[in-house]
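The stops below run from the whole chain down to single pairs of elements.

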Amino acid sequence: MNAAVQFEVLACAGQRRIGVATLNRPQTLNGLSLEMCELLQEQLTLWENDAAIALVVLAGAGDKAFCAGGDLHGLYKAMQENTGGAWDNAYARRFFEVEYRLDYHIHTYSKPVLCWGSGIVMGGGVGLMMGASHRVVTETTRFAMPEITIGLFPDVGGTWMLSRMPRGIGNFLALSGAQLGAGDLRMLGLADYVLAAASWPGLLEQLKAQAWPEDREASDILLRRLLREAGAGLAAPDPGPLQRHYAAINDGCDGADLQAISAYIAALQACDDPWLQRASATHRAGSPGSARLCFELLRRTRLLSLADAFRQEYIVSLHCGVEGDFREGIRALLIDKDKNPKWNPATLADATPAWVERFFKAPWPARQAHPLAGLA
């Protein structure tokens with residue numbers, strides 16, 4: 001019962017069954033460790049190859065979070081111990097490879113994957129939820145990619161996701177770490193269904209009551225019908241703050257001028273909307289280097305395949321481990337907790353397009369294949 005991920009197989013009305021994977025670290029808001037990623041990858045592979053398993057469910061223990069992020073403490077320790085370059089951090093190499101492979105596996109899974117995205121869904125949790133075929137959110141969902149606050153960028157496929165949003169929206173979310181609720185997630189196509197958080201036990205019973213077909217498409221249709229019926233009595237979620245300010249953000253955060261976009265977000269501190277004020281404060285306190293990196297990644301990722309996006313993110317993540325801001329951001333937020341990071345570069349003007357080029361160069365020895373070369 002104390003395993004970092006709990007796995008359970010539920011018997012159903014017919015011959016087929018449901019595999020349930022529950023992230024089981026509620027004390028850390030189900031933050032993903034390397035061990036959890038390895039366990040999930042192994043079990044999802046077993047279930048994918050088991051004809052008796054009709055679908056897979058991903059959920060988080062406790063009522064506060066599905067998954068609030070990745071193993072920042074482990075990465076910080078590895079960065080402290082690393083005295084070499086980006087390729088010398090063995091823990092970071094392993095962590096990002098396993099996590100990205102897991103996320104890509106969910107995107108390409110051959111069976112339906114239902115993600116119960118209730119509560120906090122951030123960072124690594126977004127990576128798990130984004131690839132699921134059936135993504136459910138609730139009135140408690142708080143979804144964000146706030147990596148600018150720790151000197152990183154929206155990884156786990158986040159660059160691929162954000163680069164495909166309507167003009168300006170991806171830039172805003174990456175540069176502000178703004179939180180989204182059910183209404184905004186449905187509007188952006190980042191969630192498929194909205195249910196009440198209290199409906200989770202009843203939904204599991206409904207899933208178990210079905211005789212699941214062997215055909216993938218038929219299973220998708222049945223699951224969709226059950227989720228729609230579960231939410232049929234609920235009122236549509238209220239328009240979220242992103243919807244209310246959608247046109248202005250479209251205009252203010254679109255284009256190729258990062259300085260202008262940054263100035264637009266910074267000026268939102270004068271608005272009377274607390275959501276915009278918080279987005280502005282997060283951006284102004286965040287890493288200027290991360291802002292440049294986010295902006296450049298979204299520009300480069302827009303026409304990439306999902307596999308190539310993960311490969312690009314892997315290179316950039318390894319460089320973040322030695323460039324300084326990632327380590328400093330974790331220190332200020334989680335280690336010393338002074339919330340006073342010393343960013344380098346200290347200003348956006350210093351984080352030039354020429355400066356950011358270093359992050360895109362493969363750090364491994366010449367002629368070595370990319371560790372994620374096998375992603376189709």
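The tour starts with the overall fold, then visits a hairpin, a sheet and a helix pair.

**Before you select anything**

This is a predicted model, in which local features need pLDDT of at least 70 and side-chain atom pairs count only at pLDDT 80 or more, while totals for chains, interfaces and linings use all residues. Residues are numbered from 1 along each chain as its sequence is written, and side-chain values use heavy atoms, with hydrogens and water left out.

**Whole protein**

Show the cartoon: the protein has 17 helices and 9 strands. Both are DSSP runs numbered from the N terminus, helices being H or I with at least four residues and strands being E with at least two. Along the principal axes, the C-alpha atoms fill a box of roughly 60 × 50 × 40 Å.

**Strands E1 and E2**

Select residues 5-11 (E1) and 17-23 (E2), which pair in the antiparallel sense over 7 bridges. Two strands pair if DSSP finds at least two bridges between them. A hairpin of 5 residues joins E1 to E2.

**Sheet E4-E6-E8**

Next, select the open sheet of 3 strands, with parallel pairing in the order E4-E6-E8. E4 (65-67) and E8 (142-144) are at the edges with a single partner strand each, so one side of each has no neighbour in the sheet. On average, neighbouring strands here are turned by 15° against each other, direction ignored. E6 (residues 120-122) pairs with E8 over 3 bridges, in the parallel sense; one to display is methionine 122 with alanine 144 in E8.

**Helices H6 and H12**

Finally, select residues 169-176 (H6) and 258-267 (H12). How are these helices placed against each other? They pack at an angle of about 65°, with their axes 11 Å apart. Axes are lines fitted to C-alpha atoms, for helices over the stretch in contact, and angles run from 0 to 180 degrees between N-to-C directions. H6 and H12 are therefore roughly perpendicular, a term for angles of 65 to 115 degrees.

Show side chains: Asn171, Phe172, Leu175 and Ser176 in H6 meet Leu258, Ile261 and Ile265 in H12, where contact means heavy atoms within 4.5 Å.

Terms used
Angles under 35 degrees count as roughly parallel, over 145 as roughly antiparallel, 65 to 115 as roughly perpendicular and the rest as oblique.
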